[in-house]
Amino acid sequence: VDSAGNINIYNAGEFAWVANRVITGEKNFSGVTITLRSHLDLGARKNNEGVWEGNSWTPIVGFLTNDASVNTEPTDDTVDIVNENLKRFDGVFNGNGFSIRGVKIDSDKNYQGLFGYQSGTITDLTIKASSIKNAAESAGILVGLNEGTIRNCKVENVEINGKEKIGGIVGNAMTNSIIEGCEISDSLINGEKYVGGIVGYINNNVSLQNITNKANVRGEEYVGG
């Protein structure tokens, strides 16, 4: 951490520390720039039988409530951030031209991705050789539920499987989301409803510019590149 409170990340353990602060609701990093200083490997691999093995990643999103007996996991098609008490990343994550690989998520929850829910800015980051399996709604390898800016990010060689609002980079782009200069390649995106190579589902007033899809996309209803 520098004198201004900004953070440099050099290894997977430091990245997990940042993730845990958001998941627990301790800090959303608003006003903080987090800069990646090396490639990260989160430990998952696809074996010769095509099965993903190794470490599992917990998406950066918090499902919190003041009453521990209440299950705040979303159960319907709407995004009610207040009542679901979703905790998000709200800072700047600068990938600095580096990559993160080995992300493995196998969960039937909503909002699945490296960042489950983010309203800040993610730039200049590449995600490689990663997987999301069994997601319910709003899943993308970089961000499940996006309310912020994603710029100059790449995704390579990922597999994503889920039900609704499933995208290669972002699952659900909320109002005022900005996605610019992004590309996905050598990947498979598989869902049932609202499935896209870049974004699964787009709300009002979303900006998409200079984006390229080279992924295979499969679905049953509302499917696009």
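What follows looks at a sheet and then at an asparagine within one of its strands.

Keep in mind that this is a predicted model. Start with the open sheet, which has four strands in the order E11-E14-E17-E21, paired in parallel. At its edges sit strand E11 (115–118) and strand E21 (199–202), each of which pairs on one side only. Ignoring direction, neighbouring strands here are turned by 10° against each other on average.

Now zoom in on the E11 side. E11 runs parallel to strand E14 (residues 143–146), and the two are linked over three bridges. To find your place in that pairing, look for Phe 115, which stands opposite Val 143 in E14.

Next, move along the sheet order to E17, which is listed between E14 and E21. Strand E17 covers residues 170–173, and Asn 172 is part of it. Is Asn 172 buried or exposed? Its relative accessible area is 2%, so Asn 172 counts as buried, the cut-off being under 20%.

What do you find around the Asn 172 side chain? Another, at 3.4 Å, goes to the side chain of Ser 138. Leaving aside residues up to four places away in sequence, Asn 172 also touches Val 79, Gly 144, Leu 145, Asn 146, Lys 165 and Tyr 201, alongside Ser 138 and Asn 203. Among these neighbours, Gly 144, Leu 145 and Asn 146 belong to strand E14 (residues 143–146), while Tyr 201 falls in edge strand E21 (199–202).

Definitions and conventions. Residues are numbered from 1 along each chain as its sequence is written. This is a predicted model: local features need pLDDT of at least 70, side-chain atom pairs count only at pLDDT 80 or more; totals for chains, interfaces and linings use all residues. Side-chain values use heavy atoms; hydrogens and water are left out. Buried means under 20% relative accessible area, exposed over 50%, partly exposed in between (1.4 Å probe, protein chains only). A polar contact is a pair of N or O atoms within 3.5 Å; within protein, one must be able to donate a hydrogen and the other to accept it, and residues adjacent in sequence count only if both atoms are side-chain atoms. Contact means heavy atoms within 4.5 Å. Two strands pair if DSSP finds at least two bridges between them. Axes are lines fitted to C-alpha atoms, for helices over the stretch in contact, and angles run from 0 to 180 degrees between N-to-C directions.
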